[in-house]
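Keep the sequence and the 3D view side by side as you read.

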Amino acid sequence: MSMNKTFGSMLIIAGTTIGAGMLALPLASAGLGFTTATLIMFSIWLLMTYTALLMLEVHQHADPSATLNSLAHQLLGRKGQLLASFAVVFLMYSLCAAYIAGGGDQLNEKLNYWAGLSISPQSSAVLFTVIIATIVGVGTHSVDLVNRVLFTLKVVALVVMLGLLVPNVEGGHLVDMPVEKGLVISALPVIFTSFGFHGSIPSIVRYIGLDMKSLRKVMIFGSSLPLIIYIFWQVASQGVMSQSELMANNSLGTFIGALSEILHNPMVSQSVSVFADLALATSFLGVSLGLFDFIADSFGKGQSKSARLQTALITFVPPLCFALFYPQGFIMALGFAAIALVILAVFLPVAMVTAQRKQRGQEDDAYRVAGGKPALLLAASAGVLIISSQLLQMAGLLPAVG
């Protein structure tokens with residue numbers, strides 16, 4: 001059973017990571033050229049996998065049901081707990097609101113197209129939220145099962161998409177150099193947010209238990225799968241279009257339209273559309289599962305049916321209201337997503353591990369991530385660089401990408 005849970009958990013991590021944002025990666029890295037973009041992706045993957053392993057080092061000395069809220073309180077005190085809670089709630093609510101808005105639109109289109117049903121955008125957003133909330137409310141096991149089906153379909157759509165694009169790849173396009181040096185730093189926040197899955201780690205620990213060997217496998221393989229898929233997608237998209245053609249597309253719609261046109265094949269946009277729908281659903285499942293468990297822990301909610309229903313309401317009603325009544329708000333919030341993710345996925349793991357190592361010293365039987373202080377400092381410096389890049393873009397001092 002544990003092997004089965006381990007495999008399912010890898011797919012939850014990969015499914016949370018590979019969101020619809022993946023489709024925008026070629027646009028975000030258009031000015032970088034393939035080699036530079038791949039090097040940045042690899043570095044960010046390394047950073048995120050490293051900090052995920054740091055999270056496991058922290059989890060091993062806590063209760064299996066602990067979330068970031070209780071871990072931060074235990075190791076960083078009240079102020080650390082407040083910072084952790086703010087980062088999680090801000091990031092996950094704004095992501096959920098974005099998923100509800102996008103998923104509601106996609107569901108509306110599908111109902112209209114397949115079933116001839118014409119319902120209001122508001123109703124489809126509510127319906128989409130209720131479906132996801134039901135799956136998450138039942139528990140991690142149901143998220144695992146549904147995610148496996150969706151992930152398998154997503155891989156099929158991806159294979160079709162790549163199968164159509166790869167024969168048209170021109171090697172010359174893949175050796176282009178960055179157009180301007182500033183773009184390398186500009187692309188960091190976009191690529192960084194494409195590797196975010198840390199909010200789901202406590203849910204995975206609770207699901208598998210404190211089996212460090214299995215958990216390490218889940219983090220390493222679960223985060224490697226998106227890296228491999230992203231690189232294939234970059235080869236296919238950056239190889240089919242030249243750098244200048246890619247940079248001329250300022251939105252995802254025009255980019256996919258241009259791909260279909262170049263290949264004279266409407267199946268390209270259909271497979272991309274199916275992939276985007278499924279990517280959004282698996283990402284929403286993973287993010288809302290992490291938020292659900294975080295809220296259950298923060299409010300001391302138990303596992304009874306009525307307690308899980310209350311947790312589901314606190315998890316899903318605020319982002320639904322945001323998406324319905326104040327869409328500009330969450331679009332603005334998503335602009336700060338990279339900053340909240342750096343706090344959640346880089347600074348907190350580094351700070352908590354540092355505090356824990358001071359408290360516990362060198363325990364022989366404990367799991368300890370290699371690298372010591374230099375690696376921790378390097379991870380923190382990378383976090384500072386990503387935040388600086390995001391702030392410089394907001395101030396208009398760096399070109400914005402993606």
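A crossing is left-handed if the near helix is turned anticlockwise from the far one by less than a right angle, and right-handed if clockwise. By that rule, H9 and H10 cross in a right-handed way, whereas H3 passes H16 in a left-handed crossing. This is a predicted model, in which local features need pLDDT of at least 70 and side-chain atom pairs count only at pLDDT 80 or more, while totals for chains, interfaces and linings use all residues. Residues are numbered from 1 along each chain as its sequence is written, and side-chain values use heavy atoms, with hydrogens and water left out.

**Helix packing**

- Two packed helices are described by the angle between their axes and the distance between the axes.
- Axes are lines fitted to C-alpha atoms, for helices over the stretch in contact, and angles run from 0 to 180 degrees between N-to-C directions.
- Helices (H or I, at least four residues) are DSSP runs, numbered from the N terminus.

*H3 and H16*

- Helix H3 (residues 34-59) packs against helix H16 (residues 337-360) at an angle of about 45°, and their axes are 9 Å apart.
- H3 and H16 are therefore oblique to each other. Angles under 35 degrees count as roughly parallel, over 145 as roughly antiparallel, 65 to 115 as roughly perpendicular and the rest as oblique.
- On the H3 side, the contact (heavy atoms within 4.5 Å) is made by Leu47, Met48, Thr51, Leu54, Met55, Glu57 and Val58. On the H16 side, the residues include Leu341, Ala345, Val346, Pro349 and Arg357.
- The contact of H3 with H16 has twelve nonpolar, two polar and two charged residues. Here Ala, Val, Leu, Ile, Met, Phe, Trp, Tyr, Cys and Pro count as nonpolar, Asp, Glu, Lys and Arg as charged, and the others, Gly among them, as polar.

*H9 and H10*

- Helix H9 (residues 201-208) and helix H10 (residues 212-240) pack at about 145°, with axes 11 Å apart.
- Ile201, Ile204, Val205 and Ile208 of H9 meet Ser214, Leu215, Val218 and Met219 of H10.
- By class, that contact of H9 with H10 has seven nonpolar, one polar and no charged residues.

*H5 and H6*

- The axes of H5 and helix H6 (residues 140-165) cross at roughly 125° and come within 5 Å.
- H5 and H6 are therefore oblique to each other.
- H5 contributes Ile135, Val136 and Val138 to the contact, and H6 contributes Ser142, Val143 and Val146.
- The contact of H5 with H6 has five nonpolar, one polar and no charged residues.

**Cysteines**

- The structure holds zero disulfides. A disulfide is a pair of cysteine sulfur atoms within 2.5 Å.
- The sulfur of Cys96 has its closest cysteine sulfur in Cys321, 13 Å away, too far for a bond.
- Cys96 is buried, at 0% relative accessible area. Cys321 is partly exposed, at 33%.
- Buried means under 20% relative accessible area, exposed over 50%, partly exposed in between (1.4 Å probe, protein chains only).

**Buried residues in helices**

- Thr17 sits in helix H1 (residues 2-17). Thr17 is buried, with a relative accessible area of 5%.
- Leaving aside neighbours within four places in sequence, Thr17 is in contact with Ser194, Phe195, Gly196, Phe197, Pro226 and Tyr230.
- Ser124 belongs to helix H5 (residues 121-138) and is buried, at 0% relative accessible area.
- Beyond neighbours within four places in sequence, Ser124 contacts Gly104, Leu107, Asn108 and Ile119.
- Ser124 and Pro318 lie 194 residues apart in sequence and 16 Å apart in space, C-alpha to C-alpha.
- Phe294 lies in helix H13 and is buried, with a relative accessible area of 5%.
- With neighbours within four places in sequence left aside, Phe294 touches Thr67, Leu68, Asn69, Ser85, Val88 and Val89.
- Phe294 and Ser203 are 91 residues apart in sequence and 8.4 Å apart in space, C-alpha to C-alpha.

**A positive phi**

- Most residues other than glycine have a negative phi.
- His264 is not a glycine, yet has a positive phi of about 50°.
- His264 is in the loop between helix H12 (252-263) and helix H13 (266-298).
- His264 counts as exposed, at 72% relative accessibility.

Note on methods. Helix = DSSP H or I, 4+ residues; strand = E, 2+ residues; numbered from the N terminus.
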